[in-house]
Each structure stands twice: as C-alpha cells, then as structure tokens.
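Here's a quick briefing for anyone meeting this structure for the first time.

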Amino acid sequence: MKNINQVKLQGFVGNVKDITTRNGKKAISFSVATDYVYTNANGEKVVVTSWTPVVAFAGSRYITALDTIQKGTPVLVHGRLNSNSYTAADGQRHTTREGRATSLSVVVKDTPTAEEEAEEAEALTDDLPQE
C-alpha cells in the first residue's frame, strides 16, 4: 500500500498573519473555512463549518497569491497535512495539525452557496444508504 499525505481545501480565508521563517523566507499563516453539508434524519439540511489552519511559503511558482490573501478571500489550497508537537509550560504534550500549502490560488469564479453545495452533495449521495 502506498502512503499519501495530500490535502485539498476550497473555502474562504479567515484570520491572516504574516510570518517570516528562521531562514528569512516570507510566509503567511491563515485559516480556511470549509463547509460540510448533509441532510439529517428530520430532512433538514445541516451546514457544519470547519476551520483549518494553513501555512503558505513564498517562492514557489505555485504560490503566487500571498499578497492578495485577506479575510474573506475565496481560495483553493493544495498541500499536505503537517503535525507539530510541543510540551506546554504545565508539562502537557500537545499536537497541532495544519495544512502546508504547495499550491495556493484565489478562486475567481462564482463560488456556490452552501445551499447549492448541499443540492450537489445530495445529488451525489442519492444512491448511498442513509446513516
């Protein structure tokens, strides 16, 4: 079996923070809001929003939008999942996960609403057994 560490996120940017790495490379840290839409047992559409932290480094030919990223920007991120562990002052061990962008694009076409995405998801899952 081949191991794959690949992340693809399309959503809207939340908080943005400019950072500079130890070697002086420019990067930004931001969160991306993505929605999961499903229909519950009562037939109601439910939208669950998840926030994923992402880091993008300047210098890659696939990351050209660093200067245009701001809160609310629709983006498409390709990359990998990265885990970081640290020990807090109280001795507790913590692990965080973030997307490490290898490609970052601003989405310029109309982005479907949560309702449109729900309809598309429903059409794709009509043949699946209900939970």
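Going from the N terminus, the elements of the protein run β-β-β-β-β-α. That makes one helix and five strands, where helices (H or I, at least four residues) and strands (E, at least two) are DSSP runs numbered from the N terminus. Keep in mind that this is a predicted model, in which local features need pLDDT of at least 70, side-chain atom pairs count only at pLDDT 80 or more, and totals for chains, interfaces and linings use all residues. Residues are numbered from 1 along each chain as its sequence is written, and side-chain values use heavy atoms, with hydrogens and water left out.

**The barrel**

- Five strands close into a barrel in the order S1-S2-S3-S5-S4, and the pairing is mixed.
- From one strand to the next, the twist averages 45 degrees; axes are lines fitted to C-alpha atoms (for helices, over the stretch in contact), and angles run from 0 to 180 degrees between N-to-C directions.
- As background, strands of a sheet pair through backbone hydrogen bonds, either parallel or antiparallel.
- Here, two strands pair if DSSP finds at least two bridges between them.

**Who pairs with whom**

- Strand S1 (residues 7–20) and S2 go together in the antiparallel sense, over seven bridges; along this pair, Ile19 stands opposite Ala27 in S2.
- Strand S2 (residues 26–39) and strand S3 (residues 45–57) are antiparallel too, with 13 bridges.
- S2 and S3 form a hairpin with five residues between them, and Gly43 in the turn has a positive phi of about 85 degrees.
- S3 and strand S5 (residues 93–106) pair in the parallel sense over two bridges.
- On the S5 side, Val54 has Gly99 as its bridge partner, while Val55 has Arg100.

**Glu98 and Arg100**

- The structure holds one salt bridge, meaning a side-chain nitrogen of Lys or Arg within 4 Å of a carboxyl oxygen of Asp or Glu.
- Arg100 and Glu98 form that salt bridge, and their closest N and O atoms are 3.0 Å apart.
- Glu98 is found in strand S5.
- Is Glu98 buried or exposed? Glu98 counts as buried, because its relative accessibility is 14%; the cut-offs are under 20% relative accessible area for buried, over 50% for exposed and partly exposed in between (1.4 Å probe, protein chains only).
- Which residues does Glu98 touch, leaving aside its neighbours within four places in sequence? Glu98 is in contact with Pro53, Val55, Arg80, Leu81, Asn82 and Asn84, where contact means heavy atoms within 4.5 Å.

**The protein as a whole**

- Of the protein's 131 residues, 24% count as buried.
- Looking at contacts between residues at least 6 apart in sequence, 56% join residues at least 24 apart.
- The accessible surface comes to about 9,600 Å², and 48% of it belongs to carbon and sulfur atoms; these areas come from the Shrake-Rupley method with a 1.4 Å probe, and for residues only the protein chains shown count as cover.
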